[in-house]
Structure formats: C-alpha cells, structure tokens
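Open the model in your viewer and keep the selection panel at hand. This tour goes stop by stop: what to select, then what is there.

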Amino acid sequence: MRVLVKAPISSYSGYGRDGIGIIRALNRIGADVYLHPTHVDPPLPPDITDLFQKELQKPFDLVINHEDPGQLEVSQNLQEDSLVVGWTMWEYSSIDNLKKSKLKTLKKRMKAYDAMLSYDSVTDTALAPYLKDSTSRIILQGGYDPHYWKHVERDWFSDRLGFMMCGQLHERKDPFVAIQAFKYLKENYPKDFDGAELHLKTNIRTLHPAMEEWCPKLRIHYATWPTDILSAFYSAQHVLLAPSRGEGKNLPALEFQTTGGAVIATNWGGHTSWMQEDWAYPLDYVLRPENAKFPDCKSARASKEHLQELMMHVFQNREELKNKADLASITIPQMCSWDAVIKNLFLRLKSEVPEKGETLYNKMLMARPYGLEGEV
C-alpha cells in the first residue's frame, strides 16, 4: 500500500508535529510512505529523514494532504487513481476570516478531495459550504504520541494544588480568563484557596512578569523546554486550565492527561472530540464574533464565573479530581494516539468513501504484518 503524505514536517509547529505523527503511524502498519513536504524544520529524527531519499513513484493508493485550510491543495497529477483526502482544523464557526486571496480559491481547491477530514464539528461546519456534494465529510481529530509522557503519581491531598496553562499563551488561548478567575478566588477566599498555585508556561511574551507581584502564587515561566523538563513541569501540577476560544486538538491537554493530570477546558471545538465529564471538566462558554468585519465568524468565550466555580470545586473535592485524572490517563492514550487515529482513518474511509475506501482498506490489511485488530 503506497501512501503519499503532503504536509509540513517539523517539531516546532502543530501541523509539523502532526505530519511526523501521521508518517510514523503509517510506517507502523506497514505502509510504503512517501513524502511531499510543504515545509521542513531541522533537526528531524532519522526515521523521517530516511524517507527523503525515496523518489516519488506514482500511482499512490492514498494521498493525505494535512495542512491549514489556506494551504490545502493537491495537483491534478496526484489525483489520478488515488484516494485523495484533505485533513485540517479551524478554530472558528466560519472560514470568513481566512486570508482573502486564500478564501477566493478555496472552493476550487476543495474539488481535488474524495474526502475532507475535519478535526471537529466546528471545522466541518466551517468548510462544508466550500466542498462539492460528492466529497465525503469525516470528523476525525489528529492524534499525538503518548509514549513520551509517563503516568506520575501525584500528591492529591496536601493543601497545595497546582493549576497550570501551557503553550503559546496568546489571545486565542485566553490566559487572562484563567488569571482573573484565579485572582478572584485568591482575593475572596484567601483561607479556603490558600494552597492553590497558578503556573503559566509560554514561549511568547504576552504576560508581564510584574503579575507575579500583583497576584499571590501566580508564576510565569517564559521558556522553551525539552521534553524531559516539560514532563517534570507537568508532573508537578495537578490541573491544566484551557479556557481557549478555539482549538483543533490542544496537544498540551492530551499530554498532561497522559501523565495523570486533570483538565478543565472550554466545551467547544477540538476539546469536544476527546473531552467527556467522566474524565474532565467541561467549561461553559458563549460564542462571539471575532471582530466586526466578520460577524458570522465566531469563537468561544469561556465563562470566568464557571471557571471560578470549577477551580474551587476541584480544590475542595480531591478524591473526585484524582479519579477523573486516573481515568483520563488510561482513556486518552487509547483513544487519541496516532496509532488509534490512523486505524480509525482506514475504517472511516472504508465505510464513507464508496469503492475507493474499501479497496484501500483491503490493501491496508494486506500490508500489515497482522490484522487490523492486532496491537499497533
């Protein structure tokens, strides 16, 4: 089974890391993988760089184009005899705020795809008006690699409870919702919330360090950390806050839950593809336009009041918090690993893309050293 992956290849961006994850998972099921990189950032792991030596050999059984909607495009010569899928994410209720030149060509570019894979229902709804009727619409969120993140036993019952955010804490991540909720609880419940800490890890300068003096037990970590340091940081905290306006996936949330931490996250967008109340805390929100120019292009605004309630609730209900975190550490890797996602990809294409999908599925079975139901 010959598969072409057209995607950014990088350890420094979401799409780039996803490109690496897709390639590795395809390799593990026995696919003959070829690369059409749209962007490359060295250094790259040896198993990826080895593939750069392979000359492209048509035809391909499957072409996966995994990019931002503005960059999705497959040339005519790659469409021949292949099952061609686009795979993307979008954090807003419509795609109106896409760059004008890209929006103008979107419908034409979408004609190339037999199936469009959207990370969540928000992405699917935004792209739907630009897809041809025959294109299969499939909601399938991208995965992550759980092997880097080991479960860690935390002390859940001491007075200290560590809240955290992690990532590029810009406007879309809405860190000030978390900061304001934390500040409110510190001021209004100084004794009941005394042991709470809030740690904000970011690699962009959007948070002024003077806030550490303004709010007790608020700490800002401006750094780019290797995996071992980030893992130690995760292990020292208990609850990840994600009051995001929109997400395709939220990689730190998946990683943190794998280590045995709990998550409070906006109940919209990519979060809803993996979040359930059994193992996380969905956060209320309202939808609002991104700006006056695009009134139909909306994103979420997490409720500061509800976040305050949830933060105090988890601080006071440690047994429940621990139980949810433990369940998440089992559920998230099984459900969201790239191996699980790629397995699901072939099943979905078989059921939702007539003829081409079933043919591809059968070729995948023959490529694997053991059947689809075997361990990856």
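**Ground rules**

This is a predicted model: local features need pLDDT of at least 70, side-chain atom pairs count only at pLDDT 80 or more, and totals for chains, interfaces and linings use all residues. Residues are numbered from 1 along each chain as its sequence is written, and side-chain values use heavy atoms, with hydrogens and water left out.

**Stop 1: salt bridges**

Side chains of opposite charge can pair when their charged atoms come close. Here a salt bridge is a side-chain nitrogen of Lys or Arg within 4 Å of a carboxyl oxygen of Asp or Glu. The whole structure holds 18 salt bridges.

Select Arg24 and Asp47. Their side chains form a salt bridge, 2.8 Å from N to O. Arg24 sits in helix H1 (residues 14-28) and Asp47 in helix H2 (residues 46-49), so the pair links distant parts of the chain, 23 residues apart. Helices (H or I, at least four residues) and strands (E, at least two) are DSSP runs, numbered from the N terminus. Asp47 is partly exposed, at 32% relative accessibility. Lys356 is partly exposed, with a relative accessible area of 33%.

Now take Asp174 and Arg245. What is the distance between their closest N and O atoms? The salt bridge has them 3.2 Å apart. Asp174 lies in the loop between strand E7 (161-166) and helix H6 (175-188), and Arg245 in the loop between strand E10 (239-242) and helix H9 (251-258), so the pair ties together parts that are 71 residues apart in sequence. Asp174 is buried at 10% relative accessibility. Arg245 is buried too, at 14%.

Stay on Asp174 and check its backbone. Its phi is positive, about 50 degrees, although Asp174 is not a glycine.

Finish this stop with Arg2, Asp32 and Lys54. A network of salt bridges links them.

**Stop 2: a lysine without a salt bridge**

Select Lys324 in helix H11 (residues 318-336). Lys324 is buried yet has no salt bridge. How far away is the nearest side chain of opposite charge? That side chain is Glu320, 4.7 Å away. For charge, Lys and Arg count as positive and Asp and Glu as negative; His and the chain ends are not counted. Now show the backbone of Glu277. Its oxygen lies 2.7 Å from a polar atom of the Lys324 side chain.

**Stop 3: polar contacts**

A polar contact is a pair of N or O atoms within 3.5 Å; within protein, one must be able to donate a hydrogen and the other to accept it, and residues adjacent in sequence count only if both atoms are side-chain atoms.

Select His199 in strand E8 (residues 196-202). Is His199 buried or exposed? His199 is buried, at 10% relative accessibility. A polar contact of 2.9 Å joins its side chain to that of Glu197.

Move to Asn77 in helix H3 (residues 76-79). Asn77 is partly exposed, with a relative accessible area of 39%. Its side chain makes a polar contact of 2.4 Å with the side chain of Ser75. The C-alpha atoms of Asn77 and Lys58 are separated by 9.1 Å, and the two residues are 19 apart along the chain.

**Stop 4**

From Lys58, step to Pro59. The peptide bond between them is cis, with omega near 0 degrees. Pro59 lies in the loop between H2 and strand E3 (62-66).

Then select Pro42 and Pro43. The bond from Pro42 to Pro43 is cis, with omega near 0 degrees. Pro43 is in the loop between strand E2 (32-40) and H2.

Glu355 is not a glycine, but its phi is positive, about 65 degrees. Its place is the loop between helix H12 (338-352) and H13. Glu355 is exposed, at 68% relative accessibility.

**Stop 5: the positive patch**

Switch to a surface view. Select Lys107, Lys108, Lys111 and Lys132, which form a positive surface patch. Patches are made of residues with over 30% relative accessible area and no salt bridge; like charges are joined within 9 Å, and nonpolar side chains (Val, Leu, Ile, Met, Phe, Trp, Tyr) within 5 Å. Zoom in on Lys108, in helix H4 (residues 100-110). Lys108 is exposed, with a relative accessible area of 67%.

Note on methods
Accessible areas come from the Shrake-Rupley method with a 1.4 Å probe; for residues, only the protein chains shown count as cover. The place of a charge is taken as NZ of Lys, CZ of Arg, CG of Asp or CD of Glu. Buried means under 20% relative accessible area, exposed over 50%, partly exposed in between (1.4 Å probe, protein chains only).
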